Amino acid sequence: MEKIEKQSLYIVSTPIGNLEDITFRAIYILKNVDLILCEDTRVSKTLFRYYDIQTAYQSYHEHTQDKDVSLIIEKIKQGLTVALISDAGTPLISDPGYELIKHASKHQIRLIPIGGSSAVLHALVASQLPPYPFYFGGFFPRKQAKQEALLESLIELDATLIFYEAPLRVKKTLSVLFEVLGDRQVTLARELTKKFETFYYINLNNFNSIDIQEKGE
């Protein structure tokens, strides 16, 4: 089996919905490191129970203070083996982790990514839109002025645009997209990998005629 490397930070992808969507390697790493850093320990416990992962864990999120990050780095330098996970999917992709990665890099700590699920790629490959090039903008801005400014900067970009958006704001966002970008083909993806996974394939000029389920993710 793979030897767990000391003075390294494992960046481990976890399922985005269906708990079966995790690699054997990811499970092995999570079972054999000394410590797992979780975005929300309450969420991660579900995964740990499902795969009988009994490794020690602690929270690491966007509000983790610098002094706590420094303590984590020091533990890794002293030989503690550590894995970073987010609530779902690949860490750092619109999830916490980048500050820890920056600190680790400054201290020559090796970064080891363990691949797996990513909502961006799940949505893209089934979107019926060109898979590349694509632009991933993370979470769509909440204020309309920022939304419009961002979209105007992307009008001439010849790429598939991907954003995360909260369900209750989807229709408002679609109206802003139509106002700034005009009529385009759009795909909405929800509940990815789950029982009620749904894709909506629409044109912006008739988004109001689509019955979009707003409950769920």
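Ile 27 sits in helix 1, which spans residues 24–32. Helices (H or I, at least four residues) and strands (E, at least two) are DSSP runs, numbered from the N terminus. The structure is a predicted model, in which local features need pLDDT of at least 70 and side-chain atom pairs count only at pLDDT 80 or more, while totals for chains, interfaces and linings use all residues. Residues are numbered from 1 along each chain as its sequence is written, and side-chain values use heavy atoms, with hydrogens and water left out.

Confidence was examined next. The pLDDT is the predictor's confidence in each residue, from 0 to 100. The protein chain has an average pLDDT of 94, and 99% of the residues score at least 70. Among the elements of the chain, helix 1 has the highest mean pLDDT, 98. Helix 3 has the lowest, 92.

Ile 27 counts as buried because its relative accessibility is 13%. Buried means under 20% relative accessible area, exposed over 50%, and partly exposed in between (1.4 Å probe, protein chains only). Residues up to four places away in sequence aside, Ile 27 touches Ile 22 and Tyr 51. Contact means heavy atoms within 4.5 Å. Val 12 is 15 residues from Ile 27 along the chain, and their C-alpha atoms are separated by 9.2 Å.

Val 12 belongs to strand 1, which covers residues 8–12. Five of the five residues of strand 1 are buried, so the strand is largely enclosed by the rest of the structure. In a regular strand the side chains alternate between the two faces of the sheet. Ser 8, Tyr 10 and Val 12 point one way from strand 1. Leu 9 and Ile 11 point the other way.

Strand 1 pairs with two other strands. Two strands pair if DSSP finds at least two bridges between them. Strand 1 and strand 5 run parallel and are joined by five bridges. Here Tyr 10 stands opposite Ile 112. Strand 4 also runs parallel to strand 1, with three bridges between them. The bridge partner of Tyr 10 in strand 4 is Ala 83.

Helix 4 (residues 98–106) has Leu 100, Ile 101, His 103 and Ala 104 as buried residues. They cover an arc of only 165 degrees around the axis, which puts them on the same side of helix 4. The arc is that of the directions from the helix axis to the C-beta atoms. Tyr 98 and Lys 106 are exposed on the face turned away from the buried side. The buried residues of helix 4 pack against strands 1, 2, 4 and 5 and against helix 3. After helix 4 comes Gln 108, with a positive phi near 55 degrees.

Helix 2 was treated likewise. Its buried residues are Ser 44, Leu 47 and Phe 48. Seen down the axis of helix 2, these residues fall within an arc of 100 degrees, so they line one face of the helix. Arg 42 and Arg 49 are exposed on the other side. The buried residues of helix 2 pack against helix 1, strand 2 and strand 3. At the start of helix 2, a side-chain oxygen of Asp 40 reaches to within 2.9 Å of the backbone nitrogen of Arg 42. Just after helix 2, Asp 52 has a positive phi of about 50 degrees.

Thr 55 lies in the loop between helix 2 (41–50) and strand 3. With a relative accessible area of 9%, Thr 55 is buried. Its side chain makes polar contacts with the backbone. A polar contact is a pair of N or O atoms within 3.5 Å; within protein, one must be able to donate a hydrogen and the other to accept it, and residues adjacent in sequence count only if both atoms are side-chain atoms. The Thr 55 side chain reaches the backbone oxygen of Leu 30 at 2.5 Å. A polar atom of that side chain also lies 3.4 Å from the backbone oxygen of Lys 31. Beyond four places in sequence, the contacts of Thr 55 include Asn 32, Val 33 and Asp 34.

Ala 56 is in strand 3 (residues 56–59). At 45% relative accessibility, Ala 56 counts as partly exposed. Leaving aside neighbours within four places in sequence, Ala 56 is in contact with Asp 34, Leu 35 and Ile 36. The C-alpha atoms of Ala 56 and Asn 18 are separated by 23 Å, with the two residues 38 apart along the chain.
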